[in-house]
Amino acid sequence: MPKIVPMKGRAWKFGDNVPTDSIVPTAVVQQAMDVILPHVLADLKPEFPKGVKQGDILVAGHHFGQSSGRGVASKAIAASGIVCIVADTFARTFLRNSYEVGLPLLECPGASTLAKDGDIVSVDLITGVAKNETTGVTLQGRPVAPFLLTMLEAGGIIPLVKKTGPDLGFKSA
C-alpha cells in the first residue's frame, strides 16, 4: 500500500478547459494502453507523449478534464508517468475518475500561474501546498479529503474495495 508523501517532479503546463477528448483522442479511445500512450495530450502538446517521464507533474488551469468524462483519460495520464495533477479546478467526473484509478489531484487556486514546462514542482496532498521549487512560488490549495487519501493509499477504488469490502470500511447503523 503506497504511503501518501509529498511529491516532486518536472512540470508539464497546460491551459484552461482541457477536454478528455484532447487527453485521449476518439480514434484510440477503445485501444490498448500501449496504443493510447503515444497520443496522450499530443493534440495540445505534441512533445508530451515522448517527453513525459515517470514522476512528472501536470499543471493546468480551470476545468481540467472537461467534456465527455472518458474514464480512460485518467488511466492514460497515470500510465504516461504523471504522478499528480495540480489545477485551478477539475471537471467533477474527471476528478472522481482520477481518484478511482489512484491518480492524485490537487485543486489549487492560481495553479495556472505556478510553473512553466520544465520547472520542478512539489505537491503535498495532505497540506494542500504546491510549490515551484525552481522559482520559490508557493500556493495553498485545498487539502485532499481523508477518504480520498485512503483511496489513494489503497491504489484506487478497486483495491480499496478488495481491502475493506463493499462498505468501504464504513459501518452501517
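## Salt bridges and a helix pair

Glu100 and Arg96 sit four residues apart in helix H5 (residues 92–100), so about one helical turn separates them. Helices here are DSSP runs of H or I with at least four residues, strands are E runs of at least two, and both are numbered from the N terminus. The model is a predicted one, where local features need pLDDT of at least 70, side-chain atom pairs count only at pLDDT 80 or more, and totals for chains, interfaces and linings use all residues. Residues are numbered from 1 along each chain as its sequence is written, and side-chain values use heavy atoms, leaving out hydrogens and water.

**Charged pairs**

Side chains of opposite charge can pair when their charged atoms come close. A salt bridge means a side-chain nitrogen of Lys or Arg within 4 Å of a carboxyl oxygen of Asp or Glu. Searching the whole structure turns up seven salt bridges.

| Pair | N to O distance |
|---|---|
| Asp21 and Arg70 | 3.5 Å |
| Glu100 and Arg96 | 3.7 Å |
| Lys116 and Asp119 | 3.2 Å |

How many residues apart are Asp21 and Arg70? They are 49 residues apart and link distant parts of the chain: Asp21 belongs to helix H1 (residues 20–23), while Arg70 lies in the loop between strand E2 (57–60) and helix H4 (71–80).

Next comes accessibility, where buried means under 20% relative accessible area, exposed means over 50%, and partly exposed is in between (1.4 Å probe, protein chains only). Asp21 is partly exposed at 29%, whereas Arg70 is buried at 15%. Lys116 is exposed at 52%, but its partner Asp119 is buried at 5%.

Salt bridges also join Arg92, Glu107 and Arg142 into a network.

**How H4 meets H5**

Two packed helices are described by the angle between their axes and the distance between the axes. For H4 and H5 the angle is about 50° and the axes are 8 Å apart. Axes are lines fitted to C-alpha atoms, for helices over the stretch in contact, with angles from 0 to 180 degrees between N-to-C directions. H4 and H5 are therefore oblique to each other; angles under 35 degrees count as roughly parallel, over 145 as roughly antiparallel, 65 to 115 as roughly perpendicular and the rest as oblique.

Which residues meet? Gly71, Ala73, Ser74 and Ile77 of H4 touch Phe94, Asn97 and Ser98 of H5, contact being heavy atoms within 4.5 Å.
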